[in-house]
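Dear colleague,

I am passing on a structure for you to look through, and below it I have set out what was found. Please keep it open beside the text as you read.

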Amino acid sequence: MSKRTSPGICSDVCDLAELIGEFAGDERHARRLALDESWTRRWATTWLLDGGQVVWPVRDLGSVPVLDSKPVRGFTRRARQRHRPGLEFMVSTGRQHGFESLEERDLLRALDFVRVREVLP
């Protein structure tokens with residue numbers, strides 16, 4: 001049995017900086033993005049409201065009634081799939097939230113540390 005060299009991160013003695021690491025990204029992909037002044041009009045989001053899909057440009061997200069929306073698609077867990085979806089309970093919201101990858105699960109945990117009031121699917 002090997003001896004642990006690090007005590008690990010304990011929620012009662014760490015801060016947010018220890019939970020989230022900076023990612024510089026891949027410059028090849030960044031060059032492909034056209035992030036000029038018009039990108040917020042060109043990129044859109046899809047929301048499910050009252051049983052129908054509604055599309056909003058990113059620039060108008062402040063007017064989206066997000067608390068009335070539902071996830072556009074659901075997800076299930078089955079054997080041998082490549083990603084790891086699941087549910088994570090967050091103390092700050094008092095509910096479980098879905099994640100589709102281990103990275104998303106870790107982000108939910110980090111957001112719980114800063115006591116977010118809401119997390120959207």
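Strand E1 (residues 44–49) and strand E2 (residues 52–57) run antiparallel and are joined over six bridges, where two strands count as paired if DSSP finds at least two bridges between them. Within this pair, leucine 48 lies opposite glutamine 53 of E2, and in the hairpin, which leaves two residues between the strands, aspartate 50 adopts a positive phi near 55°.

Please bear in mind that this is a predicted model, in which local features need pLDDT of at least 70 and side-chain atom pairs count only at pLDDT 80 or more, while totals for chains, interfaces and linings use all residues. Residues are numbered from 1 along each chain as its sequence is written, and side-chain values use heavy atoms, with hydrogens and water left out.

Taken as a whole, the protein has four helices and four strands, in the order α-α-α-β-β-β-β-α along the sequence; these are DSSP runs numbered from the N terminus, helices being H or I of at least four residues and strands E of at least two. Of its 121 residues, 19% are buried, meaning under 20% relative accessible area with a 1.4 Å probe, protein chains only.

The largest nonpolar core consists of five residues, Met90, Phe99, Leu108, Val116 and Val119, a core being a set of buried Ala, Val, Leu, Ile, Met, Phe, Trp, Tyr and Cys residues joined through side-chain atoms within 4.5 Å. Beyond its neighbours within four places in sequence, methionine 90 has contacts (heavy atoms within 4.5 Å) that include Leu108, Val116 and Val119, as well as Arg95 and His97.

With best wishes

Technical notes
Buried < 20%, exposed > 50% of the residue type's maximum accessible area, 1.4 Å probe, protein only.
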